Amino acid sequence: MVNKFAHRIADIEISGIRKAFEALSGDFINLGLGEPDFDTPEHIKTAAVQALNSGFTGYTFNKGIEELRDAISNKFLSDNNFSVSPEEIIVTSGASEALHIAILSIVEKGDEVLMPNPCFVSFSALTKLAEGKPVGVPLNEDFTMSIEALKEKITTKTKGLIVNSPANPTGTVESEASIKALVDLASDHHITIISDEVYEYIIYDGVKHISPASFSDEVITINAVSKTYAMTGFRLGYLAAPDEYTEQMLKIHQYIQACAPSISQKAALAAITGPQECVSEMRNEFKRRRDFAVDALRDMDMQFPVPKGAFYIFPRVDDENEFVEQLRLKKIIVTPGSAFGSRGKDHVRISYATSFEDLSRAFELMKDM
Ligand SMILES: Cc1ncc(COP(=O)(O)O)c(C=O)c1O
């Protein structure tokens, strides 16, 4: 029989996170999804409305509007300690598109891409779409990256290494020493790092976010306004890398996307250059919830490293399917750990990007189990 669909999508599954989301109906408490429950800050919405009202509704430069790329370039210098010209920045439709074009630009059929196991679901799916091979590197017990495990997985086909700190689904923030060690290892083996930093500003307990690009040029740095400013639906992300990389990625971006949404670009400009109190307010509220969730789960004798970033906790459970099902009967949605890779088995991802009231209610119900 003629195969109607391309083989490259045959072994890609619908994301486990989406499945959890789609199972949701009215009175469920959703601890499954990864997006801030806050409203987009007022000054950002105003900028979007102004863009609309002034007719800023057409295509923009493929790379994105200049003012926004200038602002992003300044942000990388001030917050991430590396210098990149506005020309070396591409504004994308969310971090998702940035990940897609980064992977497509470096991965050929059969190339291997190292990534944490467990990790964000898109890393392996996008690698497969590029006809590459995702290679999960089991995380340490405390969910940090293991240099030893990484070394074992490097082969002559290794092309890329995906770093994601703060991490989804574990909330781990890698130390400066760890990032430096990852960068050194990658450069010794001529491996390009793709650094997904979308949770950069959602970070607690005084730990510091470190960008691999502050140590090396062989890095594609990816970020977005999605999580930081509660703007997931604006679909606005960006990437930075040396010219030789952005030139290649731009070719893909211009054909699959043309440009990021113009209205969202103006909103992102207001987000990045405007007052940043909204970011610390959201972070403080996430921290309050994290502390509450950590205490509640510890009261239930659950085992997990305390997350230092993002808005997830990844506790171990006896049987993830049973646990997820029991919670579903109580009308609570969490994501099974295996959705993020084999090392996630018998864990669940609990997202605390939901209201304090819902969280309290969910933990009360969980205690009853
Ligand atoms: C690690 C990570 N990267 C990227 C994304 C996608 O970001 P965006 O909504 O900007 O496409 C997510 C969303 O959950 C994520 O967790």
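**Helix 4**

I started with helix 4 of this predicted model and listed its buried residues: G94, A95, E97, A98, L99, I101, A102, I103 and I106. The helix has 13 residues. I checked its reach from first C-alpha to last and got 19 Å, close to the 18 Å expected at 1.5 Å a residue.

Then I picked out I101, which lies in this helix, residues 94-106. Is I101 buried or exposed? Its relative accessible area is 0%, so I put it down as buried. I looked up what I101 touches, skipping residues up to four places away in sequence, and found T92, L239, M249, I252, H253 and I256. I also took one distance across the chain: I101 and A310 are 209 residues apart in sequence, and their C-alpha atoms sit 24 Å apart in space.

**Helix 5 and T127**

Next I went to T127, which has its place in helix 5, residues 121-129. T127 comes out at 0% relative accessibility, and anything under 20% counts as buried, so T127 is buried. Which residues is T127 in contact with, leaving aside neighbours within four places in sequence? I noted I103, V113, M115, G132, K133 and P134.

**Helix 9**

I moved on to helix 9, residues 262-273. Helix 9 has 12 residues and reaches 17 Å from its first C-alpha to its last, close to the expected 16 Å. Why did I write it down as largely enclosed by the rest of the structure? Because nine of its 12 residues are buried. I listed them by name: S262, S264, Q265, A267, A268, L269, A270, A271 and I272.

What covers these buried residues? The cover includes two helices, helix 2 (42-53) and helix 3 (66-80). It also includes strand 2 (89-92) and strand 8 (237-240).

**The loop between strand 7 and strand 8**

I had two residues to look up in this loop. F234 is found there, between strand 7 (219-224) and strand 8. Its relative accessibility is 18%, and the cut-off for buried is under 20%, so F234 still counts as buried. I checked its contacts, leaving aside neighbours within four places in sequence, and got T40, A48, P261, S264 and A267. Of these, S264 and A267 are on my list of buried residues in helix 9. I also looked at F234 against A268: they are 34 residues apart in sequence and 8.7 Å apart in space, C-alpha to C-alpha.

The other residue is A230, placed in the loop between strand 7 and strand 8 as well. I looked at its backbone and found phi near 50°, a positive value in a residue other than glycine. A230 is buried, with a relative accessible area of 6%.

**Other backbone notes**

I came across another positive phi at D346, about 55°, although D346 is not a glycine. D346 has its place in the loop between strand 11 (335-336) and strand 12 (348-351).

I also wrote down two cis peptide bonds. One joins N117 and P118, with omega about 5°. P118 has its place in the loop between strand 3 (112-117) and helix 5. The other runs from N168 to P169, with omega near 15°. P169 has its place in the loop between strand 5 (158-164) and helix 7 (176-188).

**The whole chain**

I finished by stepping back. How many helices and strands are there in the chain? I have 12 helices and 12 strands. The radius of gyration is 20 Å, close to the 21 Å that the globule rule gives for 369 residues, so the chain is as compact as a globular protein of that length. Along its principal axes the C-alpha trace spans about 55 × 55 × 50 Å.

For burial, I noted that 54% of the 369 residues count as buried. For contacts, I took those between residues at least 6 apart in sequence, and 75% of them join residues at least 24 apart. The chain exposes about 16300 Å², with carbon and sulfur atoms supplying 50% of that area.

My last entry is on charge. I have 37 positive and 53 negative side chains in the chain. The centres of the two sets lie 4 Å apart.

Key. Residues are numbered from 1 along each chain as its sequence is written. This is a predicted model: local features need pLDDT of at least 70, side-chain atom pairs count only at pLDDT 80 or more; totals for chains, interfaces and linings use all residues. Side-chain values use heavy atoms; hydrogens and water are left out. Helices (H or I, at least four residues) and strands (E, at least two) are DSSP runs, numbered from the N terminus. The radius of gyration is taken over C-alpha atoms; the globule rule is 2.2 Å times the number of residues to the power 0.38. Buried means under 20% relative accessible area, exposed over 50%, partly exposed in between (1.4 Å probe, protein chains only). Contact means heavy atoms within 4.5 Å. Accessible areas come from the Shrake-Rupley method with a 1.4 Å probe; for residues, only the protein chains shown count as cover. Lys and Arg count as positive and Asp and Glu as negative; His and the chain ends are not counted. The place of a charge is taken as NZ of Lys, CZ of Arg, CG of Asp or CD of Glu. The expected span of a helix is 1.5 Å times one less than its number of residues.
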